[in-house]
Amino acid sequence: MKAGAKGTGSAGAKGKAVKGQGKVTKKFIINASQPVSDKIFDLAAFEKFLHDKIKVDNRVGNLGDAIQISQVGDGKIEVVAHMQFSGRYLKYLTKKFLKKQQLRDWLRVVSTSQGVYELRFFNVVNDEADEDDE
């Protein structure tokens, strides 16, 4: 009994209060303008995928006010999290969506700066051009 009460004592609450004093707000942007302009990537379907798959407190479909997902500009999706949220998790979900849409062989997810991810085409080397030079 005492071991359980020990974990929920004031020391645990004190540690949480120090960590969560300021409200954590993180902003992530996924830039998919290249594939969207080529009409191979459906931005609305990707936004719905994120709404359906992002987990909050280990539950899917539990976004509430903690996470907002919206389209910004042409080919960009903005994710604003008012809680602890990992950019790597967003990258993982993006790669999962690409695999589901069978686009993983042509697109990759690259972090261009902190909190900004971009979908880019793989650089395809043209073998015929190399043979002409020889």
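Predicted model: local features only at pLDDT ≥ 70, side-chain atom pairs only at ≥ 80, totals over all residues.
Trainee: Which side chain meets Glu78 in a salt bridge?
Mentor: For a salt bridge, a side-chain nitrogen of Lys or Arg must lie within 4 Å of a carboxyl oxygen of Asp or Glu. Here the N to O distance is 3.2 Å, and the partner of Glu78 is Lys27.

Trainee: How many residues apart in sequence are the parts that Lys27 and Glu78 tie together?
Mentor: Look at the strands (DSSP runs of E, at least two residues, numbered from the N terminus; helices are runs of H or I, at least four). Lys27 sits in β1 (residues 26-31) and Glu78 in β5 (residues 76-81), so the parts they tie together are separated in sequence by 51 residues.

Trainee: Which residue stands opposite Glu78?
Mentor: Start with β4 (residues 67-72), which pairs with β5 in the antiparallel sense over 6 bridges; pairing takes at least two DSSP bridges. The two strands form a hairpin with 3 residues between them, and Gly73 in the turn has a positive phi of about 65°. Opposite Glu78 in β5 stands Ser70.

Trainee: How many salt bridges does a search of the whole structure find?
Mentor: Besides Lys27 with Glu78, there is Lys48 with Asp52, at 2.8 Å, N to O. Another joins Arg120 and Glu118, at 3.6 Å, N to O. The search of the whole structure gives a total of 3.

Trainee: In which helix do Lys48 and Asp52 both lie?
Mentor: Lys48 is exposed, at 52% relative accessible area, while Asp52 is partly exposed, at 37%. They are 4 residues apart, about one turn of the helix, and that helix (residues 43-53) is α4.

Trainee: And what is the relative accessible area of Glu118?
Mentor: Its salt-bridge partner, Arg120, is partly exposed at 30%. Glu118 falls under the buried cut-off, with a relative accessible area of 19%.

Definitions and conventions: Residues numbered from 1 in each chain as written. Heavy atoms only, no water. Buried < 20%, exposed > 50% of the residue type's maximum accessible area, 1.4 Å probe, protein only.
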